[in-house]
Amino acid sequence: MIEIKVPELAESITEGTIVEWLKKEGELVNKGESIAELETDKVNVEINSEHTGVIKQFLFQPGDNVEVGQVIAKLDENGSESSAPAPAEEPKAEAAPQAEEAKSEPVAEASTEEKGKAAIASPAARKRARELGIDLNEVPYKDPLGRVRVEGVEAYKQAQTAPATPAPAAKQPAAAPVVNDDPRVERIKMSRRRQTIAKRLVEAQHTAAMLTTFNEVDMTAVMDVRNRRKDAFFKKHGVKLGFMSFFTKAVIGALKAYPYVNAEIQGNEILLKNFYDIGVAVSTDEGLVVPVVRNADTLSFAGIESEIGRLAEKARNNQLGLGDLQGGTFTITNGGTFGSLNSTPIINAPQVGILGMHKIQRRPVVVDKNDTVEVRPMMYVALSYDHRIIDGRDAVGFLVKVKELLEDPEDLLLEG
């Protein structure tokens, strides 16, 4: 019998959560085939079989946490699909003449399971629902993927029986878990990735001396270049000319002028990074991820747009690998895509700086020494930085440099 274990994932990842089994017990699996999807702190990965055989047993259910090196399934290398145990059949009437009340139990179980077919639930949740006589479609407690788990079934059962249970005379301890029986409230367990995002954001705020400085950019010149060149750009390179390539180039030019913004703190030392791996925040259904554009300073505008598009597509399809997310020396996030006019982005530790882009809004501004007022497309930009190693002068200077490069695309092409 072959043991299938959770493989080594990455140095910083020691465990994950089984999202779903991609095969069934008794099913033949070939060497190299995926048998399970595992959610880790950063990405979802598939666990592949290193052998060919029949899956004899799954040792965990979807939703269970497993550690690297832990046995999660057993494989019969000499087995075949026909040798797998057949599913239990309903007792035949002539083979088992029972009293009417004895026959009603499997009928009730089958009826309950039939009702729950429309609901997405783990096998353990289906079993528990049958035991409790609960229709899975009526259980409101679901995980972020919309699946009913055992905890949801238990919570629903407890909520049903809570009103009929007399209140205890003694006061319950404050730390005791409470199931909210208010039908207007839905309790959803946080996914592993959402828990990690929450933990890292809080750690960043507790660890770094974080401060944010703001400026605004007149986007007239960039928009003019983009409007004039976008058709020829797409025809030549096959990708659209967006704003992210302009901002990435401007950030690289500013990082070269202010290298401490491209640094990292390790103990009592500062690591100045003479390379530019730019993280681009991407929003997905599972939460925010930050894939990295490697060596962005060596890429053309088309190269940057192509790489950002490739990484964003992988993020939306939940196909990012650990290599796509690790590292990064500086991050850009664009809240403007959702309509944000201004914000204070949180540093993506261990980086010490992050640039926030925002919505382009037409506003009246003074454009020359004669106090001429014109309506221009303006964008607020924000730099959150770690004040432990970046002084206010450098932070403000960095943001001014980004502004200058964007407002004069010729400088951007030369210096970015």
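Reader: In which helix do Glu313 and Arg316 both lie?
Author: This is a predicted model, in which local features need pLDDT of at least 70, side-chain atom pairs count only at pLDDT 80 or more, and totals for chains, interfaces and linings use all residues. Residues are numbered from 1 along each chain as its sequence is written, and side-chain values use heavy atoms, with hydrogens and water left out. Helices (DSSP runs of H or I, at least four residues) and strands (DSSP runs of E, at least two) are numbered from the N terminus. Glu313 and Arg316 are 3 residues apart, about one turn of the helix, and both lie in helix H7 (residues 301–316).

Reader: What is the distance between the closest N and O atoms of Glu313 and Arg316?
Author: Side chains of opposite charge can pair when their charged atoms come close. Glu313 and Arg316 form a salt bridge, and their closest N and O atoms are apart by 3.2 Å.

Reader: Is Arg316 buried or exposed?
Author: Buried means under 20% relative accessible area, exposed over 50%, and partly exposed in between (1.4 Å probe, protein chains only). Glu313, at 38%, is partly exposed. Arg316 has 53% relative accessibility and therefore counts as exposed.

Reader: In which helix are Arg228 and Asp224 separated by about one helical turn?
Author: Arg228 and Asp224 form a salt bridge with the closest N and O atoms 3.0 Å apart. Arg228 is exposed at 53% relative accessibility, whereas Asp224 is partly exposed at 38%. The two are 4 residues apart, which means about one helical turn, in helix H5 (residues 220–237).

Reader: Are Glu264 and Lys273 buried or exposed?
Author: Glu264 and Lys273 form a salt bridge, with 2.6 Å between the closest N and O atoms. Glu264 and Lys273 are both buried.

Reader: How many salt bridges does the count come to?
Author: The bridge of Glu264 with Lys273 is one example. By the rule for salt bridges, the count comes to 13.

Reader: How many aromatic pairs does the structure hold?
Author: Rings of Phe, Tyr and Trp (its six-membered ring) pair if their centres lie within 6.5 Å; planes under 30 degrees apart count as stacked, over 60 as edge-to-face and the rest as tilted. By this test the number of aromatic pairs in the structure is 3.

Reader: In which strands do Trp21 and Phe58 lie?
Author: Trp21 and Phe58 form a stacked pair, 3.9 Å centre to centre with 10 degrees between the planes. The pair ties together parts 37 residues apart in sequence, because Trp21 and Phe58 lie in strands S2 (residues 15–21) and S6 (residues 53–58).

Reader: In which helix does Phe398, the partner of Phe330, lie?
Author: Phe330 and Phe398 form a tilted pair, 5.5 Å centre to centre and 45 degrees between the planes. The pair ties together parts 68 residues apart in sequence, because Phe330 lies in strand S16 (residues 330–334) and Phe398 in helix H9 (residues 392–407).

Reader: Over the ring of which residue does the charged end of Arg226 sit?
Author: A charge sits over a ring if NZ of Lys or CZ of Arg is within 6 Å of the ring centre and within 35 degrees of the ring normal. The charged end of Arg226 is 4.7 Å from the ring centre of Phe243.

Methods
A salt bridge is a side-chain nitrogen of Lys or Arg within 4 Å of a carboxyl oxygen of Asp or Glu.
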